[in-house]
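Reader: I have not looked at this one before. Can we go through it together, a piece at a time?

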Amino acid sequence: MKIVAVCGMGMGSSLIAKMNIDSILNEKGIEGTVENCDVGSVSGHPADWYVATQEIANNMPEEFKKRTIILHDFVNKDEMEKELSKYLF
Amino acid sequence: MAKFTKNDIQLKVEASDCFDAIQKSADLLIASNAITENYVKEIFATYKKFGPYFVIAPGIALAHSRPSKSVRHKAISLITLKSPINFGNKENDPVFIVCVIASTNGNDHIALLKQLGQFLGIRNNIEFLKRAEGQKDVCKIVALLNKKWKE
């Protein structure tokens with residue numbers, strides 16, 4: 001499974017999200033790779049799932065929107081796990 | 001190892017709106033010579049382009065722009081606001097923690113950001129930030145930010 005965390009610049013929130021998703025997958029023993037990038041270059045990052053905040057999700061390429069999980073919290077792992085579990089595990 | 005210092009933190013700051021709040025957080029990095037005033041303009045431009053997406057959790061804003069010549073060295077500031085302010089992010093307003101992130105190349109800030117992310121991911125730390133004030137609490141926050149968390 002490949003997941004890409006997306007934000008406006010690809011160096012702030014998406015990086016924190018990537019670190020947390022890495023750690024969640026690790027704790028649950030799920031194999032997967034997590035990358036992060038900015039919304040402008042997301043089409044060069046094919047993935048099974050994308051993770052973004054609402055504003056960024058609105059700017060995602062149309063064909064990725066169905067595979068985009070919207071998270072309102074990028075720092076609290078429990079909140080993220082709860083939301084991700086609806087889609088991923 | 002990258003470390004936070006007490007100059008990166010300020011508590012119970014008064015700000016008139018979200019731009020003022022970002023400016024006041026950025027002022028700490030201007031004072032430590034990490035960024036120039038122009039970086040703040042770049043952050044505002046980013047805000048105008050993408051909206052308040054950088055309010056990444058309830059009450060928490062991580063403001064930044066791209067690496068540019070306005071960044072002299074990597075740094076992250078953190079301020080808490082005396083009165084929470086709306087940034088226009090329906091889910092996560094009002095904001096009371098405003099961080100500014102600066103990176104010279106998109107990578108050199110990662111160690112600091114990881115420390116920040118782990119610190120902010122712990123609910124007790126957020127509760128502590130809500131009531132923290134004075135130099136003693138600044139020192140405590142710096143210690144928590146620099147703590148080595150288990151992987």
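This is a predicted model: local features need pLDDT of at least 70, side-chain atom pairs count only at pLDDT 80 or more; totals for chains, interfaces and linings use all residues.

Reader: Which residue has Leu78(B) as its bridge partner in E4(B)?
Author: Ile9(B) does. Strand E1 of chain B, residues 9-13, and E4(B), residues 75-85, run parallel and are joined by three bridges.

Reader: What order do the strands of chain B take in the sheet?
Author: The order is E1-E4-E5-E3-E2, an open sheet of five strands with mixed pairing. E1(B) and E2(B), the latter covering residues 55-57, are the edge strands, and each pairs on one side only. From one strand to the next the twist averages 25 degrees.

Reader: Which residues lie on each side?
Author: Ile60(B), Leu62(B) and His64(B) are on one side, with Ala61(B) and Ala63(B) on the other. Both faces are covered. In general, side chains in a regular strand alternate between the two faces of the sheet.

Reader: How does E2(B) join E3(B)?
Author: Two bridges join E2(B) to E3(B), and the strands run antiparallel. Ala57(B) has Ile60(B) as its bridge partner in E3(B). The hairpin has two residues between the strands, and Gly59(B) takes a positive phi near 80 degrees.

Reader: Now helices. At what angle do H3(B) and H5(B) pack?
Author: The angle is about 110 degrees, with the axes 8 Å apart. That makes the two helices, H3(B) and H5(B), roughly perpendicular.

Reader: Which residues make the contact?
Author: From H3(B) there are Gln115(B), Leu116(B) and Phe119(B), and from H5(B) there are Leu144(B), Leu145(B) and Asn146(B). By class, that contact of H3(B) with H5(B) has four nonpolar, two polar and no charged residues.

Reader: Switching to chain A. What is the strand order in its sheet?
Author: The order is E2-E1-E3-E4, an open sheet of four strands with parallel pairing. E2(A), residues 33-38, and E4(A), residues 68-70, stand at the edges with a single partner strand each, so one side of each is left without a neighbour in the sheet. The twist there averages 25 degrees from one strand to the next.

Reader: How many bridges pair E3(A) and E4(A)?
Author: Three, in the parallel sense, with E3(A) covering residues 49-52. Ala52(A) has Ile70(A) as its bridge partner in E4(A).

Reader: Which strands does H1(A) lie across?
Author: H1(A) lies across E1, E2 and E3 of chain A, and runs at about 175 degrees to E2(A).

Reader: And at what angle do H1(A) and H3(A) cross?
Author: Roughly 70 degrees, and their axes come within 10 Å. H1(A) and H3(A) are therefore roughly perpendicular to each other. The crossing is right-handed. H1(A) contributes Asn20(A), Ile21(A), Ser23(A) and Ile24(A), while H3(A) contributes Lys77(A), Met80(A), Glu81(A) and Leu84(A). By class, the contact of H1(A) with H3(A) has four nonpolar, two polar and two charged residues.

Reader: Last topic. How many residues does each chain put into the contact between chains A and B?
Author: Chain A gives 20 residues and chain B gives 26 residues. H1(A) and H2(A), residues 54-58, each supply at least two residues of the side of chain A that touches chain B.

Reader: Which of them gives the most to that side of chain A?
Author: H1(A) gives the most, with five residues. By class, the side of chain A that touches chain B has nine nonpolar, eight polar and three charged residues.

Notes
Residues are numbered from 1 along each chain as its sequence is written. Chains are lettered from A and ligands numbered from 1 in the order in which they are written. Axes are lines fitted to C-alpha atoms, for helices over the stretch in contact, and angles run from 0 to 180 degrees between N-to-C directions. Angles under 35 degrees count as roughly parallel, over 145 as roughly antiparallel, 65 to 115 as roughly perpendicular and the rest as oblique. A crossing is left-handed if the near helix is turned anticlockwise from the far one by less than a right angle, and right-handed if clockwise. Two residues are in contact if their C-beta atoms, placed from the backbone, lie within 7 Å. Ala, Val, Leu, Ile, Met, Phe, Trp, Tyr, Cys and Pro count as nonpolar, Asp, Glu, Lys and Arg as charged, and the others, Gly among them, as polar. Two strands pair if DSSP finds at least two bridges between them. A residue is buried if 20 or more other C-beta atoms lie within 10 Å of its own, exposed if 12 or fewer, and partly exposed in between; C-beta atoms are placed from the backbone.
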